Amino acid sequence: MPDKLVKRLNGKRLGIFGKGGCGKSTVAVLLAKTLRNRGYDVCLLDADSTNVGLSEALGVDKAPKPLLDYYGGMVFSGGSVTCPVDDPTPLVGAHISIDDLPNVYQSDTPEGIHLFIAGKMGDKGPGAGCDGPIAKIARDFRPRFIDESPVTLVDYKAGFEDSARGNIISLDWIIVVIDPTSAAIQMAINMRDMVDQLKAGRLPATAHLEHPDLVKLVNRLYREAEVKGVLFIMNRVRDEETEWYVRHTLADHGIEPIGVIQDDPSLSMAWLKGAPLVEAANTHELERIVETLEKVAGRIATRAEIKPEAS
Ligand SMILES: Nc1ncnc2c1ncn2[C@@H]1O[C@H](COP(=O)(O)OP(=O)(O)OP(=O)(O)O)[C@@H](O)[C@H]1O
Ligand SMILES: [Mg+2]
C-alpha cells in the first residue's frame, strides 16, 4: 500500500544494466509491476536498440511507435537526433508532458505502466549508422505527468556502450543485474568503478570534439550528474550453492546485492511464448527490493550505506 515512503522514488530515473541475457528486461518488467502495485506512476523506457519483446512481456495490446520517429529520425539518414558522443547537446523537446506526446508513441499495460520505446535498428537497413541517437533519447527523455512525477525504469541494451556514451549522467540510480556467471560479476565491478569515477569528477573523452563549446557543455553535464550510486540484483539463481558463491565473490569486491531473484521456469516460458511475465515466484523478494530502493532513494547514499535489510 502506498505510504509516505512510496513518494521517494517519484521523479527518479533508474537505469538497468548488465551483461547480455542476464535478465535486465525481466528485472525491468518485474520491478515496474511491483512499483505499480505500490501505487507509483511508472514509466518503462525500452532503450535496447536491437531486442524486441518488452511489449509482450508487459502485456500491452499494441507496442508504441519508437520515440526516434517522433523526434525526427537519426542524423545519419538526414534526421535531427544526433549521437551524444559527437553532439552532447540535450535532445530538444525531451521533457514532454504525456498529454502532448501523440498516443501512438506510448502504450499502457493493463495495470497502467506506461511503456515507451526509444528506437530500434532492426528496420533501418545495412549501413544505417550507429545507434547513438537512440542512446540520446534514452539519456534525455523525461515524460511529465499531471499529478506526480513518475518513476522511470530504463531498460538498456547489454554491456557498457550506452553508459560510455554518457547515459549515466541522467540517471539517479544504476541497477546492475547479475546472473550466475563470472562475466556478469565482472561487469558489476566495472560499473561500480565507473560510477565511482564519475562521482569523483572524472570527465569524458573529448579529444574528438572540435568545438570548445561542446567540450565545455559535456564537461558541465558530467559535473552536474546526479547519479547517486549503483545497486545490484542477482538473477536466475537456481540453488543455494550458486547464491553462496556469487554472494561471496561479490562480497570480496565490496558489493552486497539488494536482492536475489530465483530462476523461475515460468519466466523463461513466458519469454519463449511472447506472453506477459508474472512475478508470482518472486513477489515477496521484489517487494523487499523496492522497499530497499525506497529507503536508499531519499538520500544521497554512499556505497557503504547501501545495505539490504537483514532477512
Ligand atoms: N529469473 C529468471 N528465471 C528464469 N529465466 C530467466 C530469469 N531471468 C531471465 N530469464 C531467461 O533469460 C532470458 C534473458 O532474459 P532477459 O531478456 O530479461 O535478459 P536481458 O539481460 O534483458 O537480455 P538482453 O541482453 O538480450 O537484453 C529470458 O529469455 C529468460 O528465458
Ligand atoms: Mg533485454
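**Close-up views of a predicted model**

View 1. Thr-26 has its place in helix 1; helices (H or I, at least four residues) and strands (E, at least two) are DSSP runs, numbered from the N terminus. The model is predicted: local features need pLDDT of at least 70, side-chain atom pairs count only at pLDDT 80 or more, and totals for chains, interfaces and linings use all residues, with side-chain values based on heavy atoms and with hydrogens and water left out. Residues are numbered from 1 along each chain as its sequence is written, while chains are lettered from A and ligands numbered from 1 in the order in which they are written. With a relative accessible area of 11%, Thr-26 is buried; buried means under 20% relative accessible area, exposed over 50%, and partly exposed in between (1.4 Å probe, protein chains only). Apart from neighbours within four places in sequence, Thr-26 is in contact with Leu-267, Trp-271 and Leu-277, where contact means heavy atoms within 4.5 Å.

**View 2. The surroundings of ligand 1.** Ligand 1 is surrounded by 20 residues, and the closest are Lys-24, Ser-25, Thr-26, Asn-51 and Asp-264; a residue is near a molecule or strand if one of its heavy atoms lies within 4 Å of it. Polar contacts are pairs of N or O atoms within 3.5 Å; within protein, one must be able to donate a hydrogen and the other to accept it, and residues adjacent in sequence count only if both atoms are side-chain atoms. A side-chain N or O atom of Thr-26 is 2.5 Å from an oxygen atom of ligand 1. For the side chain of Lys-24, the distance from an N or O atom to an oxygen atom of ligand 1 is 2.7 Å. Asp-264 has a backbone N or O atom 2.8 Å from a nitrogen atom of ligand 1.

View 3. Eight strands form an open sheet in the order 4-5-2-7-1-8-9-10, with mixed pairing; two strands pair if DSSP finds at least two bridges between them. Strand 4 (107–108) and strand 10 (259–262) stand at the edges with a single partner strand each, so one side of each has no neighbour in the sheet. Strand 9 (residues 229–237) pairs with strand 10 in the parallel sense over three bridges, and Met-234 stands opposite Val-260 in strand 10.

**View 4. Strand 2 within the sheet.** Six of the six residues of strand 2 are buried, so this strand is largely enclosed by the rest of the structure. Val-42, Leu-44 and Asp-46 point one way from strand 2, and Cys-43, Leu-45 and Ala-47 point the other way. Strand 2 and strand 7 run parallel and are joined by six bridges, with Asp-155 in strand 7 as the bridge partner of Asp-46. Strand 2 also pairs in the parallel sense with strand 5 (residues 114–117), over four bridges; there the bridge partner of Cys-43 is His-114.

**View 5. The loop at Gly-79.** Gly-79 lies in the loop between helix 3 (67–70) and strand 3 (95–97). Leaving aside neighbours within four places in sequence, Gly-79 is in contact with Gly-72, Gly-73 and Met-74. Val-215 is 136 residues away along the chain, and its C-alpha atom is separated from that of Gly-79 by 23 Å.
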